[in-house]
Amino acid sequence: MYPHERSLVKQLSDKPFALIGVNSDRELDKIRETVKEKNLNWRSFWNGPQGTSGPISAEWNVTGWPTIYILDKDGVIRFKNARGPAMDRALTTLLAEMGHEVSIEHETEDETP
Amino acid sequence: MKLLRKTVSARTLGRGSSDRPPRVWLAGRLVAVLTLWSVGAAIGWAQETRTWTDDTGTYTVEAELKELKRDAVVLLLSDGSTKNVPLERLSDADRKFVAELRRQRQLQTAERRAELVNSRKRGDDIKAEVKALLESYTVRLKELTQTETDRARLNNEAMRLAQEVAGQALKLVEDAPQADIAKEVYLWTLRTARQGNAADRAAQLMVDHFADSPEILQVVAMLRPGSSREHDALLDQIMAKSTDKSVQGIVKFSVARALSSQNSETAEARCIELLGEVIKRYADVLDPRQQPLGPQAERLLFAVENLKIGKVAPDIIGTDLDGVGFKLSDYRGKVVVLDFWGDW
C-alpha cells in the first residue's frame with residue numbers, strides 16, 4: 001500500500017493530481033510518527049479520536065479499510081475501490097481526459113506494506 | 001345438526017275434526033309439568049323450530065330444542081321462554097326423534113374422540129420420527145468426521161448428508177405443514193442444509209405457513225436480495241404477510257441495502273423509497289446485532305444520494321494530522337484519490 005501510494009504521489013507530482021487521505025488512527029502522536037518514519041508523502045484529514053467510528057468515515061458510510069474513491073477534476077466520483085494496477089488505469093484515464101498523457105510505472109521497493 | 005331439519009307433519013292434534021280449537025300446551029293440562037329452565041346452561045347446538053306434540057296428541061307447541069337431558073327436553077319457545085318437558089309426556093314420534101338425535105350425537109362424539117386420539121398419535125409419531133432422523137444425522141456426521149480426513153471431501157460429504165436428511169425430514173412433516181414440528185424441521189433445514197433445494201423449500205414453507213412468526217427472521221437472514229428472483233419473491237411475500245414491525249423494518253432495510261449497490265436508476269429509486277420508509281416508521285427497530293435501523297438507514301440514504309459513481313463527492317471540511325484546517329474541495333481541478341486509511 002504505502003509504496004504504491006508514495007510512488008504515485010512522486011510520479012504525478014507535476015500533474016493535476018492529489019492523493020488525500022482520511023486517517024482513522026485514534027492516536028494522533030503515533031500516526032504522526034508513522035508518517036515521518038515511513039516517509040508518507042500525502043496529506044490526510046484526521047478522523048478524530050474515535051478512530052474508525054469518527055465523523056468523516058461515518059458520513060461516507062465507510063465500513064472497511066482501506067476504502068478508496070477516485071474523483072475527477074470536477075469532484076465527481078468516478079471509481080470506487082480501484083487499487084493497485086486498477087488505480088493506475090483509472091488515474092491514466094482521468095488525467096487523459098484533462099489532456100495529460102501519463103504512463104505510470106512503479107519501482108519495486110524493499111519495504112513491505 | 002341435519003337431524004333437526006327433519007320436518008314433522010303432525011302439526012295439528014288430529015283427534016278428528018272437533019269444533020274445539022286446538023289448544024297449546026301452555027294453556028292446557030301440561031302447564032303443570034312445565035318448569036322454567038335457566039338459559040345459562042344451554043348447549044349451543046343449532047336449532048330449528050319443530051312442532052312438538054304431547055303423548056295424548058292433544059297439544060302441540062312450536063319450539064326449538066334447547067337441551068337434551070337424560071329424561072327430559074328443554075324447549076325454547078318463540079317468546080324466548082324455556083320449558084322443561086319430561087320425555088314421557090312427548091308423543092311417540094317426538095320420543096323417536098329424540099332417541100335418534102341422541103344416538104347421532106353419541107356417534108359423533110365417539111368419532112370426534114377417535115379422530116382426536118388418532119391425530120394426536122399421528123402427531124406423536126411424526127415428532128418421534130423427526131427426532132430420530134435428526135439424531136441419526138448427528139451420529140452419521142460424527143462418524144464422517146472420524147473417518148474422512150480430507151477437509152474438502154468432509155465438507156462435501158457433510159453437506160450431502162445434510163441435504164439428504166433435510167429432504168427426508170421435510171417429507172415427514174409434509175402432511176402437517178403448519179405443525180410446530182414442521183416449523184422445527186424448516187428451521188433445522190435452513191440452519192444445517194443452508195443452501196440448495198431443501199433449504200429453498202424450507203424457506204418457502206416458512207413463508208407460506210409461518211410468515212408472521214418471529215422466526216421468519218432466520219429466513220430473512222438467509223435470503224440475498226437481488227441475488228435471484230426466488231429470493232426476491234420470498235422477501236416480497238414476507239413483506240406482504242408479516243404484521244411484525246421488526247420483521248417489516250429489517251426486510252425493508254435489507255432489500256434497500258442490496259439495491260444500494262446496484263447501478264440502475266429504478267433500483268436507486270426503490271432503494272431511496274424503502275430507506276425513507278425505514279427512517280420514518282422503523283427507525284427504532286433493532287437489527288440482529290441490536291443496532292437501531294434509523295441511523296443506519298440515514299447513513300445509507302446519504303451514501304446512495306451522494307456517494308455513488310457519477311455523484312459529486314460531498315465536501316470534507318477538517319484538519320490534517322498537523323492540525324491545519326483544509327477542505328476536500330480545495331482540490332477541485334485535480335484528479336483526487338481519496339484514501340480512507342489507517343496504520344494498524
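**Ground rules.** I am working with a predicted model, where local features need pLDDT of at least 70, side-chain atom pairs count only at pLDDT 80 or more, and totals for chains, interfaces and linings use all residues. Residues are numbered from 1 along each chain as its sequence is written, chains are lettered from A and ligands numbered from 1 in the order written, and side-chain values use heavy atoms, without hydrogens and water.

**Chain B against chain A.** I looked up the contacts (heavy atoms within 4.5 Å). I found 40 residues of chain B in contact with 54 residues of chain A. The buried area (accessible area, 1.4 Å probe, that two parts lose on being put together, summed over both) is about 4,200 Å², with 63% from carbon and sulfur atoms. Leu321(B), Phe340(B) and Trp341(B) supply 22% of what chain B buries against chain A, more than any other three residues.

I then checked salt bridges (a side-chain nitrogen of Lys or Arg within 4 Å of a carboxyl oxygen of Asp or Glu). There are two between chain B and chain A. Lys38(A) forms a salt bridge with Asp343(B), their closest N and O atoms being 3.9 Å apart.

**Helix H1 of chain A.** Helices here are DSSP runs of H or I with at least four residues, strands are E runs of at least two, and both are numbered from the N terminus. I noted that eight of the ten residues of H1(A), residues 2-11, are buried, meaning under 20% relative accessible area (1.4 Å probe, protein chains only). Among them are Tyr2(A), His4(A) and Leu8(A). The cover includes S1 (17-23) and H4 (85-97) of chain A, together with S8 (335-341) of chain B.

**Pockets.** On a 1 Å grid over the protein atoms alone, a pocket is an open set of points where a 1.4 Å probe fits, with protein on both sides within 12 Å along at least five of seven lines; lining residues have an atom within 4 Å of a point. Volume is the space filled by probe spheres set on the points, which are joined across faces, edges and corners.

The largest pocket has about 850 Å³. I see 33 lining residues, with Asn61(A), Val62(A), Thr63(A), Leu300(B) and Ala303(B) nearest its centre. H9(B) gives the most to this lining, six residues.

The second largest pocket holds about 320 Å³. Its lining has 15 residues, including Ile250(B) and Arg257(B). H7(B) gives the largest share of that lining, four residues.

Technical notes:
Buried means under 20% relative accessible area, exposed over 50%, partly exposed in between (1.4 Å probe, protein chains only).
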